[in-house]
Amino acid sequence: MEHFWLIWLVSVLCALCAIPIQSNTIRQHVQLQAAFAPNNKVPPISVMVAITIIQSCVFLALATAIGLWLMPSTGLRLWILDHWVSGAELPFSIWSFWAVSIGSGIAVGLLVKWMDRYFFQRHMTTIMGKEPISSRFFGFLSSFYGGVCEEVLMRLGVMTVVVFLAQKIGLMGISYWLGICVAAIVFAVSHLPTNYMTYGKGNVVTVWTLLLNGILGILFGFLYWRYGLEAAIISHFSADIVLHVILKNKTVESRRSK
């Protein structure tokens, strides 16, 4: 638990980077609600954003505390942080760590973008609302939330708990892969509400969300297992930079409504 405050404070700062994006998302949701139920009263957007941020801080604290508490029993590690703080020996070179972390993020970002462009975009022609990540600047901000906050929640939190429970019931041989897959599924499903609100509910949107985010989640979980949480964070950040900044589409133009 010695790294709790560092991890939690960094993740909270990264969660604050998402305020402009969350404001857009909540405003869009309020506008859609108003169109279908104009008499319903809702709190001010600023209040709803504040509640969302507070919830994020609480969930990040819980994921950090539970993950760090269970981690010593699972074999999962914070290799780089332990190395910098206490001089713990690394089972890999620092250069290979950076190469694998950044290289895998760039590679999976390119793969996901290719799959999105050539298999899904042609079928996603109706946009119910504007994309929350509507610019490269917002994409840059969201990369901090995705890279740090989502990895703390999904890998340090969900994956660590699943691996711990699997080992406790005797599933030692598959405990890591079980944790990787469960965390990847939770990660993918967590993106469905926003995508449904943006593109509408449908089989294509569901498959698009689950498949592409599932691929990302499996990679990040594998890196957490083999290279530590820091590798998953760096890889996730790198993938988001590729997807939401470098190769960011003007989605409203590229997916015109019918």
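Before you click anything: a helix here is a DSSP run of H or I, at least four residues long, and helices are numbered from the N terminus. Keep in mind too that this is a predicted model.

**Stop one: helix 8**

Select Pro-193, which sits in helix 8. Is Pro-193 buried or exposed? Exposed means over 50% relative accessible area, and Pro-193 counts as exposed because its relative accessibility is 53%.

Then step past the end of the helix to Gly-200, which follows helix 8 and has a positive phi, near 90°.

**Stop two: the largest pocket**

Rolling a probe the size of a water molecule over the atoms shows where empty space is left. The largest pocket here comes to about 1600 Å³. Its lining counts 46 residues, and those closest to the centre are Pro-132, Glu-150, Ser-190, His-191 and Thr-194.

Which helices each supply at least two residues of this lining? Select helix 2 (19-36), helix 3 (45-70), helix 5 (94-120), helix 6 (136-168), helix 8 (192-199), helix 9 (203-227) and helix 10 (229-246) to see them. Colour the lining by class and you'll get 20 nonpolar, 19 polar and seven charged residues.

**Stop three: the second largest pocket**

Next, go to the second largest pocket, with a volume of about 340 Å³. There are 16 lining residues, and Ile-7, Val-10, Leu-81, Glu-230 and Ile-233 are the closest to the centre of this pocket. Helix 1 (4-16), helix 4 (79-86), helix 5, helix 6 and helix 10 each give the lining at least two residues. By class, the lining of the second largest pocket has 14 nonpolar residues, one polar and one charged.

**Stop four: along helix 1**

Draw a distance from Trp-5 to Ser-93: the C-alpha atoms are 27 Å apart, for residues separated by 88 positions in sequence.

Cys-14 belongs to helix 1 as well. Here the cut-off for buried is under 20% relative accessible area, so Cys-14, at 8%, is buried. Try the distance from Cys-14 to Val-148: these residues are 134 apart along the chain, yet their C-alpha atoms are separated by 6.8 Å.

**Stop five: two helix pairs**

Two packed helices are described by the angle between their axes and the distance between the axes. Show helix 1 with helix 3, whose axes come within 10 Å and cross at roughly 150°. Angles over 145 degrees count as roughly antiparallel, so helix 1 and helix 3 are roughly antiparallel to each other. Helix 1 makes a right-handed crossing with helix 3.

Finish with helix 9 and helix 10. How close do their axes come? The axes of helix 9 and helix 10 come within 6 Å, crossing at roughly 150°. That angle makes helix 9 roughly antiparallel to helix 10. The crossing of helix 9 and helix 10 is right-handed.

Technical notes:
Residues numbered from 1 in each chain as written. Predicted model: local features only at pLDDT ≥ 70, side-chain atom pairs only at ≥ 80, totals over all residues. Heavy atoms only, no water. 1 Å grid on protein atoms, 1.4 Å probe; cavity = no way out; pocket = protein on both sides within 12 Å on 5 of 7 lines; lining within 4 Å. Points joined across faces, edges and corners; volume = space filled by probe spheres on them. Nonpolar A, V, L, I, M, F, W, Y, C, P; charged D, E, K, R; others polar. Buried < 20%, exposed > 50% of the residue type's maximum accessible area, 1.4 Å probe, protein only. Axes fitted to C-alpha atoms, helices over the stretch in contact; angles between N-to-C directions. Parallel < 35°, antiparallel > 145°, perpendicular 65-115°, else oblique. Left-handed = near helix turned anticlockwise from the far one by under 90°.
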